[in-house]
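I opened the model to go through some of its helices and strands. My notes follow the order in which I looked things up.

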Amino acid sequence: MKFRTICAMIALLATLAPLPSFADTDDAAQLTLGGYDVLTLHGSMGRLSARQRVDVLYGRLAPVLGCPVIAPDDVVVYAPAHPTWPVVFVLGRRFVTIDAATAKQEKLPAIDVAVKWAKRLQQVLPKVNWRPPDAAETVVPANPPLHVVDQLSRVGGLDGTVVLRGKQVIQFHGVQPGGLTAAERGDMVQGSLYSALARTRESGETPIVGATALEADGPAQLVVNGVTIATATLDMLEGTSYQSPAQLAAEWASKIQAVLGAKPASKPVKPTVDVPTEAAP
């Protein structure tokens, strides 16, 4: 997180805008990065066309391509026991799930599709990510090793950071509730925090920030302008000095208040769920 800012991400995405290529059809769409073909998706899924599914993948690359250093071993295939389908992770963030339909379209077992696409990403991502103007061009080995793991704790992304005005205000470690990595949780909370602050930035009002416990020694929520941004749970306390989720959420609120000069929340909000369901694109 410290290697990028929201502005840098927006500028980067503008140069990688997912425009249909000449190879796209009504039934297939190709994902390309920096002129390199990466993968092709076939057919619709739910209400999403092949083109829209590829657009989802472009969106998932946003927190990845803004990092100045991506190595081939940052691409990992997560392949737990069936019936869970293999997932390609990049920098600890899930990129694409290979389900039965995708495997059938590729005419390969799902794990083979995951390995094929992961190896392509190993070659392409280190060449197209953001890097300082004076940095040398990345040279990727012809066949770098690819890690295929069956535990989410081994896909990377074990640290997730939320930054506000250049200062770290929240940090996550390890596998998170809902089956997310710490990096995924950090990205999600970062976006939620900026969205919750948008209204007061436009109006000039002082943000209202606080923490509220849902029950004694139970989950506690970070609340910004009446919106639940993140939930602290008991399993997040392992390896820390915090005695309760409420104490952890209060620390998050305190750091945000210090950065913003914000007012504490005057009352709790109705509990909400902040863990999304992962769906294959």
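How many residues has helix α7, and how far does the helix reach from its first C-alpha to its last? I found 16 residues (245-260) and a reach of 23 Å, close to the 22 Å expected at 1.5 Å a residue; the expected span is 1.5 Å times one less than the number of residues. Helices (H or I, at least four residues) and strands (E, at least two) are DSSP runs, numbered from the N terminus.

Ground rules I noted: this is a predicted model, in which local features need pLDDT of at least 70 and side-chain atom pairs count only at pLDDT 80 or more, while totals for chains, interfaces and linings use all residues. Residues are numbered from 1 along each chain as its sequence is written, and side-chain values use heavy atoms, with hydrogens and water left out.

**Helix α7**

I listed the buried residues of α7 (under 20% relative accessible area; exposed is over 50%, partly exposed in between; 1.4 Å probe, protein chains only). They are Pro245, Leu248, Ala249, Trp252, Ala253, Ile256, Val259 and Leu260. They sit on the same side of α7, because they cover an arc of only 135° around the axis, taken from the directions from the helix axis to the C-beta atoms. I checked what they pack against (contact means heavy atoms within 4.5 Å), and the list includes α6 (182-203) and β9 (208-213). Just after α7, Gly261 has a positive phi of about 65°.

**The sheet at β9**

I traced an open sheet of 4 strands in the order β11-β10-β9-β12, with mixed pairing; two strands pair if DSSP finds at least two bridges between them. β11 and β12 (263-264) are at the edges with a single partner strand each, so one side of each lacks a neighbour in the sheet. β10 and β11 are antiparallel over 5 bridges, and Ala220 stands opposite Ala232 in β11. α7 packs on this sheet, touching β9, β10, β11 and β12, and its direction makes about 175° with that of β9. For such angles, axes are lines fitted to C-alpha atoms, for helices over the stretch in contact, and values run from 0 to 180 degrees between N-to-C directions.

**Strand β3**

Which way do the residues of β3 (75-78) point? Val75 and Val77 point one way, Val76 and Tyr78 the other, and all are buried. I counted 4 bridges to antiparallel β4 (87-90) and 3 to parallel β6 (147-149). Val77 has Val88 as its bridge partner in β4, and Val76 has His147 in β6.
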